[in-house]
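Here is a friendly walk through one protein model, taken as questions and answers. Each answer sets a value beside the rule that gives it a name.

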Amino acid sequence: CPRALYAKKKAKFPSEDYMSTKFRATDVLDNDEEIKQLNREINNLNESNNEMEADMVNLQTQISSMEKNLKSIEHENKMIEEQNEALFMELSGLSRALIRSLANIHLPHMEPITEQNFDNYVSTLTDMYTNKECFQSPENKALLESINKAVKGIKV
């Protein structure tokens, strides 16, 4: 029939395409369970992704906090270093002042005080002051009194 042939050509789907589309629709219906499974997997992946993103935010927060703490500790360390340096300079000044004050005082069995024997000299002085028997001897008593006078002149 010429009219039917003409209508067939004008139709949106030619008869062969129409059949293949029909088959495709049935394929989708047959794979409905597969789609449901894929949707479940997508949902699981989305949940997992959201958990990962939350973990990443937590990690970034922890890292930021650690970096802030590190900067604070570095600042504190710098302040301590500066204080230590200032104390070392003060100690050096006191050591030089002690050496100048005690330069003319000779301890028994020791060389006069210098920077090289400073630690030994101070150790000997400490032993003399902690040993009560040293105060009994009149010569040691005079020596300790002269040391006391020399040390009192040092300003701390």
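Q: Where is Leu 59 found?
A: Leu 59 sits in helix α3, residues 32-101. Helices here are DSSP runs of H or I with at least four residues, strands are runs of E with at least two, and both are numbered from the N terminus.

Q: What kind of model is this, and how are residues numbered?
A: This is a predicted model, in which local features need pLDDT of at least 70 and side-chain atom pairs count only at pLDDT 80 or more, while totals for chains, interfaces and linings use all residues. Residues are numbered from 1 along each chain as its sequence is written, and side-chain values use heavy atoms, with hydrogens and water left out.

Q: Why is Leu 59 called partly exposed?
A: Buried means under 20% relative accessible area, exposed means over 50%, and partly exposed lies in between (1.4 Å probe, protein chains only). Leu 59 has 43% relative accessibility, so Leu 59 counts as partly exposed.

Q: What makes Met 56, Leu 59 and Ile 63 a patch?
A: Patches are made of residues with over 30% relative accessible area and no salt bridge; like charges are joined within 9 Å, and nonpolar side chains (Val, Leu, Ile, Met, Phe, Trp, Tyr) within 5 Å. Met 56, Leu 59 and Ile 63 form a nonpolar patch on the surface, with about 280 Å² of accessible area together. Such areas come from the Shrake-Rupley method with a 1.4 Å probe, and for residues only the protein chains shown count as cover.

Q: How do you know that the span of α3 is close to the expected one?
A: The expected span of a helix is 1.5 Å times one less than its number of residues. With 70 residues, α3 is expected to reach 104 Å, and its first and last C-alpha atoms are 101 Å apart.

Q: Which residues of α3 are buried, and what covers them?
A: Ser 92, Ser 95, Ala 97, Leu 98 and Ile 99 are buried in α3. Their cover includes α4 (118-130) and α5 (138-152).

Q: What makes Lys 36 and Asp 32 a salt bridge?
A: A salt bridge needs a side-chain nitrogen of Lys or Arg within 4 Å of a carboxyl oxygen of Asp or Glu. The closest N and O atoms of Lys 36 and Asp 32 are 3.9 Å apart, and the pair forms a salt bridge. These residues are 4 apart in helix α3, so about one helical turn separates them. Lys 36 counts as partly exposed at 41% relative accessibility, and Asp 32 does too at 36%.

Q: How many salt bridges does the structure hold?
A: The structure holds 2. Arg 40 and Glu 33 also meet in one, at 3.6 Å from N to O. Arg 40 is partly exposed, with a relative accessible area of 40%.

Q: Why is Ile 105 called buried?
A: Ile 105 has 10% relative accessibility, so Ile 105 counts as buried. Ile 105 lies in the loop between α3 and α4.

Q: What does Ile 105 touch?
A: Leaving out residues up to four places away in sequence, Ile 105 touches Tyr 121, Leu 143, Ser 146, Ile 147 and Ala 150. Contact means heavy atoms within 4.5 Å. Ile 105 and Ile 147 are 42 residues apart in sequence, yet 7.2 Å apart in space, C-alpha to C-alpha.
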